[in-house]
Each structure stands twice: as structure tokens, then as C-alpha cells.
Amino acid sequence: MFSRSVASSFLRQAARPAAAASRAPLSAFRAPVAPLTPFQIRLLSDTTRTAIDKAIASAPVVLFMKGTPETPQCGFSRAVIQILGIQGVSPEKFAAFNVLEDPELRAGIKEYSDWPTIPQLYVDKQFVGGCDILVSMHQNGDLQKLFEEQKVLVEGEEGEKKE
Amino acid sequence: MYRRYALGFSNVSRQLSTMSSTSATPLEDAIRAKLTAALSPITLEIYNDSHLHSHHKAMQGVTSKETHFRLVIISDSFAAKMQPARHRMIYALLRDEMAQEGGIHALQLRTLTPDEEKRQQKKKAAEAATKEAAKETEKAESKTEPTEA
């Protein structure tokens, strides 16, 4: 019960990457977050871990960021969203989670990843890195290779049909 | 009357003495000391970018002038380690500085081995050379075109 209510607040996808931003349903990240009861907070350590496990498994490409893809609240999160847009990550294969919506997620993801800063990118449940690592992987071609291997990019023809 | 003056004066001198004994950049000093000791870096550049971010929402009410840092670290300690592992080394060394209230809010990292640095320099030089060459041919072409026309 509790894990579900907490998980659902984490699992709510913040939105889509820049490419499909305008088409993303706005209501998806405007749902109210229920405040935690003291009982829930006491259970949180395990609960948070489970919720993050689920969040990371919710899509092939998962970004933990400050703000939403449409309105990032931090320059480093914005830079990563732009990179994912340029790479052409498919909106269907992407999920973003806004750590500013949930203090437990914000603290929890740092411990979970053993990584003290936001944003954080996961691909196929594997931690890839933060902003600096993604920028350099974008520049040296490693990120494109990774995305191609994982088949998470928008196919050229499909993308055109949708337009 | 005299007594009050004397007290005031001693206060001032105490302030001056604390100012001279404590650094204006305690976090930068800590970063330099810890990374130098642990990694013996060949290059350690520390840039304080805090002023670029002081107007951000997250920085409201923060008085520290040391919130955003950018580091360039070239060290043999990074050899045979992937980038995330290298960044984690730095984060672990600076755990206290990042966790403390009013501590480091953002840390940009460039972590290279000396070999990687050399290779990047070479690549840059090569790219600059090709660009220069392209410019030259462009110039030459634009010069020849009008005469042909």
C-alpha cells in the first residue's frame, strides 16, 4: 500500500524529451503529491529504494532532473535534455523524474547511485553519468553508440510519418 | 568613557585578527588540499563560478560565495578507470564539503590522465589545422571566382 503510493509519485513520468515536448500531456506532471505520514517516513529507506528501482525500470532511458523537460530548473539538467533531444531519443523510450517534486527522491537517488549531484541518467537500468560525462560522451560519439546499441533512438522513417 | 573606547578597540582588533587567520576561500582551499594530497595531480585548476549562478532560485538566501566550482584535474590516478568512477573518487574526497550546509552546490568535473590530455591537445591542434586549411581554400576560391566571372 504505502510503497505503491510513494512509488506512484516517483513513477509519474515528468514528461517527454524536447523533441516531443509540445505533444506531451501536461496533466502528467501536475498531479498533486500526497504528503507522507510519519509512518511512511519511517519505512522510507526500503520504500524509496524500491520506488527508485521501479522508476529506473520504467523506460530504457531514464533521467532524474531538476524541473521538467519543458521547464528545467537547472542549467545542467537543461543541457542534458538538449543533448537527448539532439541525439533523437524516442519519447516512448524516455522517462524523466523531477527530483524537486519529492525530497525523498532527491535525497534517495543520490544515495542509490552513489552520486551526489543531479541530473543523473540511466540507460537500460545502468547508471551512465551526470551532465559533464554526458556532454563529453555526446561530443566524442560514445553516447550515440550507446543509444544505437540500445535501440532507443527515433527511427528516421517513423519520425517523418508522425510529422 | 575611556573604558568604552578601549572595549570598542579590542573588538575591532579581534575582528581583524580573525579575518587574517581564516581564509576568504575555505572551500577552495579544502578542495586544493584534499585533491592534491590524494591524487598528486599534474594539473589542478579550480574555477569558482558561483557568481554566474548567484541569481538562481536555488541560491536564494545563500550567502556563501563558494557554491559552484569547476575543476580540471589531470592525474595518473585516473588510469584504467571509467569516467563515472573518476568522478566518484572526487565526490568521495569532497563528501564533507558537498554535504555540509552552505557547502558546494554544484561541481563540474573534467578528469583526465596525462595521456588523454596529450591526445586531446593533439586532436585540437589537428582540428584547428584542418579548419585553417579549409579557410585558406575558401579564400582562394572566393578570390578566383570573381576573376572568372
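The model is predicted; local features need pLDDT of at least 70, side-chain atom pairs count only at pLDDT 80 or more, and totals for chains, interfaces and linings use all residues. Residues are numbered from 1 along each chain as its sequence is written, while chains are lettered from A and ligands numbered from 1 in the order in which they are written.

Two packed helices are described by the angle between their axes and the distance between the axes. Here α4 (residues 75-87) of chain A meets α6(A) at an angle of about 30°, and the axes are 10 Å apart. Axes are lines fitted to C-alpha atoms, for helices over the stretch in contact, and angles run from 0 to 180 degrees between N-to-C directions. The crossing of α4(A) past α6(A) is left-handed (the near helix is turned anticlockwise from the far one by less than a right angle; clockwise would be right-handed).

From α4(A), the contact uses F76(A), A79(A), V80(A) and I83(A); from α6(A), C131(A), L134(A), V135(A) and H138(A). Residues are in contact if their C-beta atoms, placed from the backbone, lie within 7 Å. By class, this contact has seven nonpolar, one polar and no charged residues. Ala, Val, Leu, Ile, Met, Phe, Trp, Tyr, Cys and Pro count as nonpolar, Asp, Glu, Lys and Arg as charged, and the others, Gly among them, as polar.

## The A–B interface

Nine residues of chain A contact twelve residues of chain B. On the chain A side, β4 (126-129) and α6 (131-140) each supply at least two residues. Helices (H or I, at least four residues) and strands (E, at least two) are DSSP runs, numbered from the N terminus. That side of chain A has four nonpolar, three polar and two charged residues.

## Domains of chain B

An automatic or database assignment gives chain B domain 1 (21-112) and domain 2 (115-149). Their C-alpha centres lie 37 Å apart.

## Confidence

Chain A averages a pLDDT (the predictor's confidence in each residue, from 0 to 100) of 79, and 68% of its residues score at least 70. Residues 1-32 of chain A have pLDDT below 50, yet this stretch has 68 contacts beyond near neighbours in sequence.

Chain B has a mean pLDDT of 85, with 81% of residues at 70 or more. Where pLDDT is low, the predicted coordinates should not be read in detail. For the complex, the predictor gives an ipTM of 0.73 and a pTM of 0.73.

Methods:
Two residues are in contact if their C-beta atoms, placed from the backbone, lie within 7 Å.
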